[in-house]
Amino acid sequence: MDDEAMIARRRGAMTGGIPPGRSRGRLADEVYDTLLGQMMSLRIEPGSRVTIDALARELGVSQTPIRDALNRMEAEGLVVRVPHAGYRIPPQITHHRFEDMLEVRLLLEPAAARRSAERASLQQVAGLRLLLEEMAELEGGDGLMAYGAFGLRDAAFHDLVALSAENQVIRETLARLHTHVHLFRLLHDTQVTHLAMAEHEEVLTAIAARDPDAAAYAMRRHILRSGERFRRLFDEAEGADGMVVQA
C-alpha cells in the first residue's frame, strides 16, 4: 500500500464493525484505524482496559488481526500491555508533555507546510481539499463519533501536508507524536472543529497558491491557536485544584 492509499484508508476509518473478506494485513490495518477512531471519540476512554476477546466479538473478526493491531499500537505507545489482563489505554497527557509536543510541532510543521507549497503535486492539493470538504460535512456533528471522525481527518490533513513536503524524517517524527490522538481525547468541543476549519483553509490556500512564506505562517498560526484552545484545559484544572491532568 503506498502512502496516499494509506491516508485514504485512514480517512475512511469507521468506528463500527469490520467488513468481511479482508486479508490479515488489511484487517489489522482496519482494526488499528477503528481503535484509533474509538480512542479519539472517547468511545474507549483513557485509562480503560481492552481485551482481545472482547474486541474480536465487537468487531466481528478473529483474534489474529486484533492482536496484530494491538501490538502495533503498543509499539507506538498508544496502548500498554498488562500481563495476563489484556491492554490498557493510557491516561491523558500531562501539561508538560502537551507543551513539549507543541514545541516540536512549531519546529517541524511550518517547515513542512513551506516545502509543501513548493513541492505538492496537483493530486495532493486535491487530496487536501477533499479532506477539508469531508471535515466540513462533519463539523458540528452530533456526538463523540462525529468528533472522532473529524479528528481522524484532521490528522490525515496534517499527514498529507508532511507527505507532500517530501521529507520523510519530518513526517515520521510527526507521526510518532500522535498529536491528534492525544489532543482530541482532551476535549469534545464543536468550537474546536469550527476554528480549525478556517485555519486549515488558510494553510491549503497558501499551498495551492505556491506561496511558501504564507503556508509556513498559516501553519504556525494554526498550531499556536490550537495550542491556546487546548492549553486552557490544563490552566482550568490547575486553577481549580492545583492538579494537572494525569500522565
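In which helix of the protein chain is confidence lowest, and in which is it highest? This is a predicted model, in which local features need pLDDT of at least 70, side-chain atom pairs count only at pLDDT 80 or more, and totals for chains, interfaces and linings use all residues. Residues are numbered from 1 along each chain as its sequence is written, and side-chain values use heavy atoms, without hydrogens and water.

The table answers the question; pLDDT is the predictor's confidence in each residue, from 0 to 100. Helices (H or I, at least four residues) and strands (E, at least two) are DSSP runs, numbered from the N terminus.

| Helix | Residues | Mean pLDDT |
|---|---|---|
| H1 (lowest) | residues 3-11 | 47 |
| H5 (highest) | residues 95-119 | 96 |

The protein chain has a mean pLDDT of 85, with 82% of its residues at 70 or more. The pLDDT is below 50 over residues 1-8 and also over residues 242-247.

Three strands make an open antiparallel sheet, ordered S1-S3-S2; strands pair if DSSP finds at least two bridges between them. S1 (49-50) and S2 (80-82) are the edge strands, each pairing on one side only. S1 is joined to S3 (residues 86-88) by two bridges, and Arg49 lies opposite Arg88 in S3.

Helices H3 (residues 52-59) and H4 (residues 63-75) pack at about 120 degrees, their axes 9 Å apart. Axes are lines fitted to C-alpha atoms, for helices over the stretch in contact (heavy atoms within 4.5 Å), and angles run from 0 to 180 degrees between N-to-C directions. H3 is therefore oblique to H4: angles under 35 degrees count as roughly parallel, over 145 as roughly antiparallel, 65 to 115 as roughly perpendicular and the rest as oblique.
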